[in-house]
Amino acid sequence: MEFDSLISRPEPTRLRAFGRFINSVCFVLLLIVMGTVVYGLFLRAQWERSYFIAVAIAVFGVIALLLGLAQQEIAARDKATWRAMAEWQLKATYAKLAAQWAEGEKAGIPTPTVDSSAYYEQLMEVLIQDMQRTSEGAAAR
Amino acid sequence: MQLELGETWPRFFAHWIAACFGHFLKVVLPLITDWPFPLLSPDFPRSWSVLLFAGTTSLLAALINANLPVTARELLKSVAFGMALNATGELLKLA
């Protein structure tokens, strides 16, 4: 049975690397724009004192935008980590099921097909066993 | 499957701020390009009027872009939108 096809994850390709490159270029451009605006307002503030309020508001805007960007980045990374953890669990489960079915075949028990209820029963059984062992191990530690 | 990201207030505000930066870029770029010769022109707008103009025109950009994610790429689009709105306002002599 092919387990990797069950859990599809896009492979890192040249196109994805290009997308990441464009993302970082855009971030640098955004920083340049914000820096230019703050610097321009500062230049103006030297001729008209009231512009220091605009400088302060612009600096506040820069901080707000950067915080928002950082928060998005952290949220995306958390999501990716959870996804990876679930994938490891599923891969381990399928590997264990394959071993179980191979032993069963040797003993003459036929391997259940995907559309049979036995398939899902065994899948859930192995998953639950795995989770119980993990939580027991965590409690013992 | 969810096909649209949807509008949220954080997205709205992030794109609003980005569009305001684009608007201000159009306002202050002449100051930087004329840097060796200080710009003493008296018709440079007051800071509060620029802020009000930027805030109100950028509302349109924020309303339209409020369903975009908050990434550097999408924020750059909002910056361009804000700059374009300022140029439109100047051409129509709104401020």
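Predicted model: local features only at pLDDT ≥ 70, side-chain atom pairs only at ≥ 80, totals over all residues.
## Helix 1 of chain B

Helix 1 of chain B runs over residues 9–33, 25 residues in total. From its first C-alpha to its last it reaches 36 Å, close to the 36 Å expected at 1.5 Å a residue.

## Nonpolar core

The largest nonpolar core has 35 residues. Those with the most contacts inside it are V37(A) from chain A and, from chain B, A18(B), A19(B), F21(B), F24(B), L75(B) and V79(B). Five helices each supply at least two residues of this core: helix 1 (14–45) and helix 2 (51–107) of chain A, and helix 1, helix 2 (47–65) and helix 3 (72–91) of chain B. Helix 1 of chain B gives the largest share, 12 residues.

## Contact between the chains

Chain A contributes 28 residues to the contact and chain B contributes 26 residues. On the side of chain A that touches chain B, the elements giving two or more residues are helix 1 and helix 2 of chain A. The largest share of that side, 15 residues, comes from helix 1 of chain A. By class, the side of chain A that touches chain B has 20 nonpolar, 7 polar and 1 charged residues.

Notes: Residues numbered from 1 in each chain as written. Chains lettered and ligands numbered in written order. Helix = DSSP H or I, 4+ residues; strand = E, 2+ residues; numbered from the N terminus. Expected span 1.5 Å × (residues − 1). Core = buried A, V, L, I, M, F, W, Y, C linked by C-beta atoms within 7 Å. Buried ≥ 20, exposed ≤ 12 C-beta atoms within 10 Å, placed from the backbone. Contact = placed C-beta atoms within 7 Å. Nonpolar A, V, L, I, M, F, W, Y, C, P; charged D, E, K, R; others polar.
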